[in-house]
Amino acid sequence: MRRRGCLTALLGVDAVIGRLLPDAGPVTDHLPEIERIQALARAGDEPVRTGLTEIGRLLGQAASVLAGLLDPEVVVVGGHLAALAPWLLPAAHAELAARTPVPPGVRLEASTLGSAAGALGGATAALATVEAGRLPAG
């Protein structure tokens with residue numbers, strides 16, 4: 001079943017790669033394709049840059065919905081969206097500003113943790129369990 005309208009269908013890594021690299025075909029390793037998109041964007045490839053701007057607008061729209069529902073101080077994006085942040089965030093910020101009241105507003109930022117974010121989160125959770133004295137009974 002192909003999804004339409006959900007965030008994964010619009011902003012997920014497969015959707016982003018499919019939109020920006022229509023010749024990529026089925027992708028099993030996303031990192032080389034994201035790096036290819038970065039290289040094309042740095043080189044000024046117009047279709048890729050235009051696509052990144054539109055994806056940035058969609059990201060800003062999604063962040064504005066989250067802001068309206070949850071009232072966060074900041075929305076942090078990671079993964080492929082963080083990797084493409086230099087090209088996504090200008091349009092995302094503009095869209096978010098147009099759709100949310102100021103003040104207080106909400107900030108939209110890219111994670112600086114890179115690909116280590118999942119491992120850091122898991123390690124932090126494990127350490128918190130140990131520090132709380134909730135070791136597994138063996």
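This is a predicted model: local features need pLDDT of at least 70, side-chain atom pairs count only at pLDDT 80 or more; totals for chains, interfaces and linings use all residues.
**View 1**
Let's begin with H4 (46-70) and H6 (85-99). Their axes come within 7 Å and cross at roughly 40 degrees. On the H4 side, the residues making the contact include Leu 52, Gly 56, Leu 59, Gly 60 and Ala 63. On the H6 side, look for Trp 87, Leu 88, Leu 89, Ala 92 and Leu 96, among others.

**View 2. Helices H2 and H3 form another oblique pair.**
Here the axes of H2 and H3 come within 11 Å, crossing at roughly 45 degrees. H2 and H3 are therefore oblique to each other, and their crossing is left-handed. You can find the meeting point by its residues: Val 13, Asp 14, Ile 17 and Leu 20 in H2 meet His 30, Glu 33, Ile 34 and Ile 37 in H3.

**View 3. The largest nonpolar core has 28 residues.**
Which members touch the most others? They are Ile 37, Leu 52, Leu 59, Leu 84 and Leu 108. At least two residues of this core come from each of H2 (13-20), H3 (30-42), H4, strand S1 (74-77) and H6. H4 gives the largest share, with 8 residues. As background, nonpolar side chains tend to be buried together in soluble globular proteins.

**View 4. A closer look at Leu 108 and its neighbours.**
Leu 108 is one of the core members with the most contacts to other members. Which residues does Leu 108 touch, not counting those up to four places away in sequence? The list is Leu 59, Ala 63, Val 75, Val 77, Leu 89, Ala 92, His 93 and Leu 96.

**View 5. Thr 100 sits in the loop between H6 and strand S2 (107-110).**
Is Thr 100 buried or exposed? Its relative accessible area is 12%, and because buried means under 20%, Thr 100 is buried. A polar atom of the Thr 100 side chain lies 2.7 Å from the backbone oxygen of Leu 96. Leaving aside residues up to four places away in sequence, Thr 100 touches Ser 64 and Ala 67.

How values were computed:
Residues are numbered from 1 along each chain as its sequence is written. Side-chain values use heavy atoms; hydrogens and water are left out. A nonpolar core is a set of buried Ala, Val, Leu, Ile, Met, Phe, Trp, Tyr and Cys residues joined through side-chain atoms within 4.5 Å. Buried means under 20% relative accessible area, exposed over 50%, partly exposed in between (1.4 Å probe, protein chains only). Helices (H or I, at least four residues) and strands (E, at least two) are DSSP runs, numbered from the N terminus. Contact means heavy atoms within 4.5 Å. A polar contact is a pair of N or O atoms within 3.5 Å; within protein, one must be able to donate a hydrogen and the other to accept it, and residues adjacent in sequence count only if both atoms are side-chain atoms. Axes are lines fitted to C-alpha atoms, for helices over the stretch in contact, and angles run from 0 to 180 degrees between N-to-C directions. Angles under 35 degrees count as roughly parallel, over 145 as roughly antiparallel, 65 to 115 as roughly perpendicular and the rest as oblique. A crossing is left-handed if the near helix is turned anticlockwise from the far one by less than a right angle, and right-handed if clockwise.
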